[in-house]
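Biologist: I have a structure on my screen and want to learn how to read it. Can we go through some features together?
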Amino acid sequence: MNVLGYKLPAMSSLIIWGALWEIVGQLELSFFLPALSDIFVTLTEIIGTPPFIKALKETAQAFALGTFFAVSIGIPVGILMGKNKLADEFLLPWVNVFLSAPLTALVPVLMVLFGFGLKAIVITTTLFAIWIIVLNTRAGVKQINPSLVEMANSFGASSFAALTKIYFWAALPEILSGVRIGFIRAVKGVIIGQLLISIVGFGALFELYSAQFLMTHFWAVLLVLFAMAFTLSEFLAHLERKVEYYASKR
Amino acid sequence: MFLRYRPLLLKILSTVLIFGAWEIAGRAGVSFAFPTFLESMAALWGLTVEGTIFTAYAETLKPLAVGIVISAFIGIGLGVWIGLSRKFDWLVSPIFIVMQSAPLAALIPLLIMVYGIGLTSKVFVVCIMAMPVIVLNTAGAVRNTPVHLIEMGQSFLGTRRDIILKIIMPSASPIIFAGLRLGVSAGFIGAILAELKITPTGVGDIITYSRSIADYPNMYAAIFSIIVFAVLFLNFVERIENFLFKGNNKELVSD
Amino acid sequence: MDGIMTTTHAVEVRNVFKNYGDVEALHDLSLDFPKGELTSLLGPSGCGKTTLLKIIAGLLPATSGEVFVNGETVTGPGPDRAFVFQDFALLPWASVLRNVAFGLELRNVPKSEREAKAEKYIADVGLKGFEHKYPHQLSGGMRQRVGLARALSVDAQVLLMDEPFSAVDEQTRRKFQEDLLDLVQNENKTFIFVTHSIEEAVYVSDQIALLLPRPSRVSEIIRPGGFRHKDPDSIRRDSEYLDIVDDIWKSLRTYVE
């Protein structure tokens, strides 16, 4: 939007909403909505404390492992499905099922099978992220210009070279877009896992703060989480835009 | 002959393989908490005959249905407004963009504090999960109405109202509908999360209760059935979509 | 405007400038379009021909200068002009019948009346029997016939055509060009036709305005005369036709990268 000839930055209206929040908070209209400034003060207090560091570490670890498995399994499976018709016909219905399935329902199963800890959360995270990565990689490989593959064959490329030098790069825009959506889903998965298991990471922290009605603490953690999720998603979108130029030009 | 039935045969074969693997893993005793496929299906049959599963579904679908209806009305309304007005877009979109990437499930403890453990909280959970994807897809669809169609409307002297009602809305409706489907999908996640986290009711109750008394076949049966139900329902909606919007240019929906 | 001017020129463009930010798309452009004739705007890409057409249509405002249609200043789209779009601009969710009648629908013509009119023009463009098909069931050429029927059905005096044949295949294109010659002869309308094909412009036009870019201006107005009344088949072999095509290419070739 333009005001007086200046183009306002895209997310700048959040400042207005923040100000509104501050006013509502200062008026003490609701116990559950403390002023934004109080939340920031609390934030600076808790951000270095051991419980917060511990929650952050546990979450980061689960997230990193979960997305690592999602990417390192998802991309090869996606490429396989894009190249091999039999594998595709075999797997595609299942990928579609898990893509739209309410995976929250599986968390109790993971809890009884893998215990109330890191393992169950990592698997939850992987399950949230992997299907869209598979599906996008598959779509990326499927749209590769056949003459590109024929070119590689005519120059005598081995199938491994074709895989690493042609398929992966030609499908990169779609793969990255799948990874971005997969990572956003993984953030949601990690938090849902922690909430349901609720003795690890931020799940435990939320439990603690809400039991003691520490509203500013609660909001402070929430803001940190949302900010990190948003930064991650914007960073991945930025990466995606970097390769977009050849997505439109092939 | 074989070629014609190949996709169907492969589907059946892969289903048999997966469920067979489940059965074998269950028999091999992977874990005391891992019943076989047949045990779980027998438990599902039991729940169906007793009628437990039907009352549970009625309970589970209540917050889902209410939440989806609310999200659809508010979400499509806001989305259309965002798509039509630059100012409103600037003001409101960022909230939904942040919501889209944020793990909103973290709000649940707060919702419990504010609204208690009743239906209201559960409806809220469904709404916060479903709303962003509905709003953003609607806004995108309205904003990206093909320029040449709008110019066509203008050059044939359509009023602003005509152009919105006869060109922009029909042109956006496939994506709005697809966004709604993604909203329902997210709503399912929210509804089940609410039942597992807030108070065990409906299907969530069967899952939680069976787990607490270590009746694993029943627990697996309930989970199996809700996943199958959600997938079949969303598939059905997608079929309606394909039927309704046959030939209408369909762009990609964003998740 | 004096009376004589308005009877001879359906559209007059006077000193039109158009800027997009710092970029000057049209620079002091003036041009007349004689009534009942077909005038082509011909030029390389980026010469502003589509911009000029959209300004005449009232879809884009000029930065300065004026456009008159039958002596009246253009301030926006009007009932005196109808547009044929390069990419057809058909409603994908509407049948051929509704698409053709859509211009009339926007003018609040009652349903039975507008459909009767649409059916007539659908038959005129050779699509009888396709009334209840949808755009995705038609070929590119047929879609453009629908776009043409829609423009004809509102009965505007001026038809604005933005590269109407560029998205159809070569054979269909030739057929369209022949049909267009008939249309100009039989309908008492003024046609403004944007194209980047030299052969096409020379083949169909009574008058060709050659537009050159950077900044955009009318460099030349050519009126092919001698072969205009020959039969369609022999035009392409006419020596005057070939000479004009050659001359235009000589003027344009320096602008091709």
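Biologist: How do H1(A) and H2(A) lie to each other, roughly parallel or roughly perpendicular?

Modeller: Remember that this is a predicted model. Now the general idea. Two packed helices are described by an axis-to-axis angle and by the distance between the axes. Here, helix H1 (residues 13–26) and helix H2 (residues 36–46) of chain A pack at about 95°, with axes 7 Å apart. H1(A) and H2(A) are therefore roughly perpendicular.

Biologist: Which residues of H1(A) and H2(A) meet?

Modeller: From H1(A) come A:Gly18, A:Trp21, A:Glu22 and A:Gly25. They meet A:Leu36, A:Ser37 and A:Asp38 of H2(A). By class, this contact has 2 nonpolar, 3 polar and 2 charged residues.

Biologist: Next, the sheet. In what order do the strands of the open sheet in chain C run?

Modeller: The order is S2-S1-S4-S5, with antiparallel pairing. S2 (23–34) and S5 (72–73) of chain C stand at the edges. Each has a single partner strand, so one side of each lacks a neighbour in the sheet. S1 (residues 9–20) of chain C pairs with S2(C) over 8 bridges. One example: C:Val13 has C:Leu31 in S2(C) as its bridge partner.

Biologist: Which strands does helix H2 of chain C lie across?

Modeller: H2(C), residues 49–57, lies across S1, S2 and S4 (64–69) of chain C. H2(C) runs at about 120° to S1(C).

Biologist: How many residues of chain B are in contact with chain A?

Modeller: 42 residues of chain B contact 41 residues of chain A. Helices of chain B that each supply at least two residues to that side include H1 (2–27) and H8 (160–197). By class, chain B's side has 32 nonpolar, 4 polar and 6 charged residues.

Notes. Residues are numbered from 1 along each chain as its sequence is written. Chains are lettered from A and ligands numbered from 1 in the order in which they are written. This is a predicted model: local features need pLDDT of at least 70, side-chain atom pairs count only at pLDDT 80 or more; totals for chains, interfaces and linings use all residues. Two strands pair if DSSP finds at least two bridges between them. Helices (H or I, at least four residues) and strands (E, at least two) are DSSP runs, numbered from the N terminus. Two residues are in contact if their C-beta atoms, placed from the backbone, lie within 7 Å. Axes are lines fitted to C-alpha atoms, for helices over the stretch in contact, and angles run from 0 to 180 degrees between N-to-C directions. Ala, Val, Leu, Ile, Met, Phe, Trp, Tyr, Cys and Pro count as nonpolar, Asp, Glu, Lys and Arg as charged, and the others, Gly among them, as polar. Angles under 35 degrees count as roughly parallel, over 145 as roughly antiparallel, 65 to 115 as roughly perpendicular and the rest as oblique.
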